[in-house]
Structure formats: C-alpha cells, structure tokens
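Biologist: I'm new to this one. Can you walk me through it, piece by piece?

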Amino acid sequence: MGAHRVEALEEAGRRVFAVRTNALAALPTLPRRAPMMRRCPTHDVNAESSTSIGADAYFDESWRVLRIERCEPAGSAAGRVGPSGAARGFEARQLTTRTFYPDGDPAAWEYAKFCVRSSVFTLVTAPRRSLAEIQPRPAQVVDHLFELHLDLSTAAAVALRETLSASHPLRRLLTPFLHQTITVNDRAHDLLVAERSMVSRTLAFTGEGLQLAWDAAPSLVCAAAMQPGGAAAELSGASPFERLMHIVDRERYLEARRAGGVDTPYERQAGRLYRVFKAYVEASLRAVYPTAASLAADAEMTGFAEGLLRSLSTTAPLVAQPGAGSAGGTHEVVAVRGLPPPQLAELCTCLIATVCDRVTAGHEQAGHLAVYAKDVRFCAWRWPVGEARGNKQSAITQAILTSFTFMPMPKLLAAPGSEDDWSHLFGGVAGEEGLRASYADFQRELRALADDFDAYNAAAPTRPFPDGWGLWTNHPALLEVSVNL
Ligand SMILES: [Fe+2]
C-alpha cells in the first residue's frame, strides 16, 4: 500500500529509500480521556486512542530497513503547546523524535514497525515537524477518498455530463470508467466523509485534526509535487505546459520519479499499464479525429478537457480560469483552447488516459485495503499509546468501515460478448468501426499484459530479495472498471 509513496534520498553520499509519514504527528489525536466522551456516547469508541500517527521508515539500496524514526508528542498526551499553529487554527504539538533500529530492543522494533504500517495505512505526508510545513506527499485518505473519489472521478463525471453530448465518442469511451461514479461518490460522502460518519469515528484524529487533514488534501496528492513550488526539483524552470503534462501524463510523471531514483517493479508495471491505456485512447481519438486540427476544432472535446483541468485540484492552479487571462497568481498558466493543435491533442490524450488509469489501477492501489484492515494486529487506524496493536474498539470500527466498502464493479478485462464487454457503446457514433477496433486491441493488450504479470508472479519464488514477491495492483485481470466504495 505504500509502493507509490517511495522516495529516493541521499544520505552521507549513498542512496537510501524512504516511506515517510511523520508530518502526521502534528495532527491532533484524541486524548485517552476525551472530555466529550462523558457527554457524547458516540465518542466512547475513541476514548482509548491517544497515540500520535506517523513514522518514517528508511531502507538501504538493497531494501533492508536501516531505521525507523517516529515523531511523538513531547511528554504526556497533554503536551500540546501553542500558539505556533494558531494561524492554521490549531495548537501545534511539541514533538520529539525516537529512532528505532532493527538490532535494538525486539519489542520496541515490533512497535516501530507497527507504527509505520498503521501510519501509512492512515495517510502519508512529509517528514517535516509542523503541519504548516507539509510538503506534497500522498496520503491514504487523501489518495483514495480525496484524490480518486472526491476530486478526480467526480470532476471527470461532471465534465463529461456538462460538456459531452450523449452520442459523443469520448462520452461513450469514458462511460465504463465512470460507471456509477456519481452514486458511489455520493455514498462515500455520506458514509465515510461526512462529520460523525465512519472515518471520523475510526481514525485517531480529533475532529480538528481530521479537518486539517482534509484542508491540506489538495496539496498532499502525489501529482502536487509537479506544481510550481512542488517537490519535483527536476521541473525547476519548466513551463506551465510542461508541468501540466507531468501531472496529466503518467508516463512523464513516472519518468520524473525514475530520474529521481525511484525505479521499482511496481512503478515499471504501472508504466506498462498506463501505456496500454494511452495507446487505446490514441487509437480511439485517431478513429474520430483524422488530424490534431480536427480534434482542436471540436468544441465538446476541448470543453471537456478545459472543464476537467479547471476542476482538478492538481491542475486548476496551472490552467487559465474564466476571465483570468493568460496569467494568474504568482505563475503563468496554460490557456487550454489557445494551445497549438498538436499540443492540445497530446494534452487531451494523456488526460483521458490518466482518468482511465487512476480510476482503475489508482483505485486498486489506494482503495482496496480490506486485506490490511481486517486485523488490527497488523495495522490499525488508531491504537493505544505504546501498544503494537489496535484495541477491540479499533477492530470493531475498522471492520464496520470496511463493511461499507467493496461494492462490486464490472471487470476491466472483458472477454468479447461477456457482460463486461462495453463495445456496444460505440454503436451509431462517429468513427464506430475504428472505435470498436481500438477497443478490441485494448482488450488484447490488457490480456497480454495480464499474462506477463502472471508470469512475473509465478517466477517470484525464483527471484532473490527484494524482488521475491508477486505484484497485483496493476494486474488487468484484477482491476475493476471504475471506482467503487
Ligand atoms: Fe473507493
């Protein structure tokens, strides 16, 4: 669940890898004896939670754990001090750092590993010690609930319905990938996100802490690193269009990570799957638009791209908003409709491919967590101080939250003529023959990729550490076609 959060760093002249969550330590968590519990029965289940969330795990080049650093509130659970966080509306915690080593006390090491797993499970941010300094890093709640449900899939569904007529080829192409998305996201809001719903009852954060996490969400998604001022140093000096392309083109995004030192089997498989999506979109658009100029001349297509880019939290700061002209804020922005046709066609292709990729493989990676959630001895959304397991209240609320999820969706990989085959959508639309052909090619490519990934998994026992495991989160045969709850 943390593969997409791996960072490459330099320490004393050598390469190390890290998965970091310590910035969460700044978020207020429920005290052991919450005053509210005495008058509000709904807070009883939270009364045992007083630990902070967050732990940074560091690995050497061969992926052996070097150490775990854990930021914890100084002193007792009442060690929250102000007013340094007052500007953000909360009292900042004074934190101290404990470092754990694999050859140290065995019980302490087990506790540190549990904290890492549980903190990644909750959400992952940057290694800074203050919430005000949070840098763009993904988060479980952010990656899944915010980025995939509330931001990307919602914005795509809205843009599709507002800009594309019922028979538009792009609307037909995207229909499977947004299947039931409005219903799913409505349920996600009511069951998980709303105040006093399951997330607020299950996580360790106070209402204030959770609100701070939601407020910070737009700056915490992975792709925010590509924005002006983001963490992607290799993009210093890049034009707004180049930055925009690093957000909407997963191939560029993954290449930037590879250039930064993150080149893992997970990332390589993610890149292969994205290229299949991109080839499908390219072939489909070619079937409808013989030239880039003809695509640029389609007001519905450009309206969709512009509407979606203006809505997404990661791309909105880089795209000209209505009435804002060609420049906005502290940096130049992209006027989508003013782009030369070849650039506009490339932008549309990558944007559509990324929507397909994120709602399938992105959701599998960040959203399918039941296997982790089912045992609070492995990881928990909250746990008592010093205990390497969640308590029975955590187990109950974790199980209840999980029981709200896993609404079944059609499979991405579809045998021709099966109930998962969406090729009928192309009947009667412009470019029908080409669209049907590209869909058939797409399915063949997915099948071939699934076979390759099966072979990779079958050979896992023959590979030495750290590659002796299978990978499934990008496996086409396991992916569902749209986000589910
Ligand atoms: Fe989901």
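Modeller: Strands E1 and E2 (residues 14-19) run antiparallel and are joined by five bridges. Glu7 has Ala18 in E2 as its bridge partner. Two strands count as paired if DSSP finds at least two bridges between them. Helices (H or I, at least four residues) and strands (E, at least two) are DSSP runs, numbered from the N terminus.

Biologist: Before we go on, what kind of model is this, and how are residues numbered?

Modeller: It is a predicted model: local features need pLDDT of at least 70, side-chain atom pairs count only at pLDDT 80 or more, and totals for chains, interfaces and linings use all residues. Residues are numbered from 1 along each chain as its sequence is written.

Biologist: Back to the sheet. In what order do the strands come?

Modeller: Five strands form an open sheet, in the order E1-E2-E3-E4-E5, with antiparallel pairing. E1 (7-11) and E5 (95-100) are the edge strands, and each pairs on one side only. On average, neighbouring strands of this sheet are turned by 30 degrees against each other, direction ignored.

Biologist: What do strands of a sheet pair through?

Modeller: Backbone hydrogen bonds, in either a parallel or an antiparallel way.

Biologist: How many bridges join E2 to E3?

Modeller: Three, and the two strands run antiparallel. Val19 has Ala57 in E3 as its bridge partner.

Biologist: And E3 with E4?

Modeller: That antiparallel pair has four bridges.

Biologist: Which sense do E4 and E5 pair in?

Modeller: Antiparallel, over six bridges. Glu72 has Thr96 in E5 as its bridge partner.

Biologist: Which helix lies across these strands?

Modeller: Helix H1 (residues 106-122). It lies across E2, E3 (56-59), E4 (65-73) and E5, and runs at about 75 degrees to E4. Axes are lines fitted to C-alpha atoms, for helices over the stretch in contact, and angles run from 0 to 180 degrees between N-to-C directions.

Biologist: Zoom out. How many helices and strands are in the chain?

Modeller: The protein chain has 15 helices and seven strands. It has 485 residues, and 44% of them are buried. Buried means 20 or more other C-beta atoms within 10 Å of the residue's own; exposed means 12 or fewer, and partly exposed is in between, with C-beta atoms placed from the backbone.

Biologist: What about contacts along the chain?

Modeller: Take contacts between residues at least 6 apart in sequence: 69% join residues at least 24 apart. Two residues are in contact if their C-beta atoms, placed from the backbone, lie within 7 Å.

Biologist: New topic: H8. Which of its residues are buried?

Modeller: In H8 (residues 250-259), they are Arg250, Tyr253 and Arg257. They sit on the same side of H8 because they cover an arc of only 60 degrees around the axis. The arc is that of the directions from the helix axis to the C-beta atoms.

Biologist: What covers them?

Modeller: The cover includes H7 (240-248), H9 (265-288) and H12 (341-367). Just after H8, Gly261 takes a positive phi of about 110 degrees.

Biologist: How do H8 and H9 pack?

Modeller: At an angle of about 160 degrees, with their axes 9 Å apart. They are therefore roughly antiparallel to each other; that label needs over 145 degrees, while under 35 is roughly parallel, 65 to 115 roughly perpendicular and the rest oblique. Their crossing is left-handed. That means the near helix is turned anticlockwise from the far one by less than a right angle; clockwise would be right-handed. H8 residues in the contact include Leu254 and Arg258, and H9 residues include Ala270 and Tyr274.

Biologist: And H11 with H12?

Modeller: H11 (residues 299-311) and H12 pack at about 65 degrees, with axes 10 Å apart. H11 passes H12 in a left-handed crossing. Among the contact residues are Ala305 and Leu308 of H11, and Leu347 and Cys348 of H12.

Biologist: Last one: where is Glu208 found?

Modeller: In helix H6 (residues 207-220). Glu208 is partly exposed, because 13 other C-beta atoms lie within 10 Å. Glu208 and Thr29 are 179 residues apart in sequence and 8.7 Å apart in space, C-alpha to C-alpha.
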